[in-house]
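This report describes a strand arrangement and the pockets of one protein model. The sequence and structure are shown first.

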Amino acid sequence: MSVSPSSGTPAGHSTWLEIDLGAVAHNVRRLKALAGTRLMAVVKANGAGHGAIPVARTAAQAGADWLGVARAEEGLALRAAGLTLPILVLGYTPPADAAAALAADLSLTVYAADLAQAYHAAAHTLGRTARLHVKVDTGMSRLGLAPADLPAFLELLAALPAVTLEGIFTHFANADDADPAFAELQLARFAQAVAVLTPAQRAAVLLHTANSAATIALPASRYDLVRPGISLYGLHPSGEVRCPPDFRVALTWKSVVSHVRTLAPGDSLGYGRAFIAERETRVAVVAVGYADGWRRLPPQRNRVLLRGHALPLLGRECMDQCFVDVSRVPAAAPGDEVVLIGRQGDAQISAEDVAQRWGTINYEVTSGLAERVTRIYTSAP
Ligand SMILES: *Cc1c(COP(=O)(O)O)cnc(C)c1O
């Protein structure tokens with residue numbers, strides 16, 4: 001196997017992400033076909049590190065009907081970038097931020113009377129209508145009102161003239177588990193809660209429950225709209241609930257060798273002298289560090305690809321640099337491409353592999369990628 005050692009290091013970058021928007025578009029189309037209903041592309045947390053704006057534009061062109069964000073400020077950034085799809089803020093919007101959110105046509109999540117009244121007041125002052133989605137807690141115990149409180153809450157909303165009830169939703173605690181029992185219980189609680197709607201109310205609202213895992217594994221959860229996030233990027237909701245095999249991974253993370261040196265026995269390496277060579281050791285210095293989102297862990301818990309080999313790190317990772325053992329790869333040289341997540345030749349490291357080594361989930365690995373890591377979009381939306 002031959003691996004081009006420095007295939008296309010982009011000028012001016014020492015660590016960067018290559019993000020295949022064609023993969024995102026493909027995954028959006030596949031999710032929509034799979035769900036057979038409307039799709040809200042959940043692009044919170046900067047599109048789980050992939051870049052919320054390019055991902056949102058791509059999703060919109062690939063047929064997404066809605067965009068979902070965690071916070072109002074994320075929705076405002078999408079509006080400022082010219083996104084015109086309906087946007088739902090899935091999390092808490094402080095009353096002080098409601099006017100700006102409503103002025104930007106963001107739909108808000110509501111689950112308490114004081115919030116409903118605050119959003120109503122803000123809308124009234126603006127001469128607008130607040131479009132609200134009521135969140136029902138069916139077992140996540142995070143945001144949401146009790147199912148039994150829904151009828152009274154709907155009455156309260158109906159009495160507020162500057163409010164429109166646009167949706168009712170819930171969120172699953174473990175739809176990514178191999179055992180669907182609790183997700184099914186949550187779904188049953190949701191179905192029971194919304195059974196109080198009159199036919200006219202039912203026809204006027206969007207009911208939605210499904211994150212990626214439920215969209216894939218729990219067809220009854222799809223209702224009027226599905227809300228996938230992680231699967232947009234071709235990342236698996238869990239080891240048990242995986243994207244269909246034809247989904248495409250969007251993200252590759254690369255860096256470059258800046259220097260190669262040989263340690264003599266007894267030489268120490270880096271901060272804390274955390275590695276001391278017992279024998280002659282070839283070390284490549286690589287231009288990526290913990291400030292890029294590459295977790296500072298015992299070095300055997302991080303690996304990278306270099307000239308097609310998976311190689312362990314050495315010593316202690318620095319803020320902007322780290323050390324790779326290239327004793328097995330004598331040809332390693334400054335300028336060589338290093339892959340942290342992605343493929344190189346026949347070798348591959350997935351975000352899931354990295355998550356497993358770090359003791360976390362793929363969601364945290366990509367959403368923790370630092371802003372200074374340049375995003376390079378390899379296929380136009
Ligand atoms: C994050 C989130 C989603 C998307 O979840 P994924 O597991 O990334 O598909 C959907 N709905 C809500 C309320 C969320 O917070």
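## Barrel strands

Two strands are taken to pair if DSSP finds at least two bridges between them. In this predicted model, strand β7, residues 163-169, and strand β8, residues 206-210, pair in the parallel sense over three bridges. Within this pairing, Ile168 stands opposite Leu207 in β8.

Both strands belong to a barrel that eight strands close, in the order β2-β3-β4-β5-β6-β7-β8-β9. The pairing in the barrel is parallel.

## Largest pocket

The largest pocket has a volume of about 1100 Å³. Its lining comprises 42 residues, and Lys44, His171, Asn211, Ile361 and Tyr363 are those that lie nearest the centre of the pocket. The elements giving two or more residues to this lining are α2 (44-48), α10 (212-217), α11 (351-358) and α12 (362-367).

Helix α11 provides the largest share of the lining, four residues. By residue class, the lining of the largest pocket divides into 19 nonpolar, 13 polar and 10 charged residues.

## Second largest pocket

The second largest pocket holds about 410 Å³ of space. It is lined by 25 residues, of which Val249, Ala250, Leu251, Gly342 and Gln348 lie nearest its centre. Two or more lining residues come from each of β1 (15-20), β10 (251-263), β17 (337-344), β18 (347-349) and α11.

The lining of the second largest pocket consists of 11 nonpolar, nine polar and five charged residues.

Technical notes. Residues numbered from 1 in each chain as written. Predicted model: local features only at pLDDT ≥ 70, side-chain atom pairs only at ≥ 80, totals over all residues. Heavy atoms only, no water. 1 Å grid on protein atoms, 1.4 Å probe; cavity = no way out; pocket = protein on both sides within 12 Å on 5 of 7 lines; lining within 4 Å. Points joined across faces, edges and corners; volume = space filled by probe spheres on them. Nonpolar A, V, L, I, M, F, W, Y, C, P; charged D, E, K, R; others polar.
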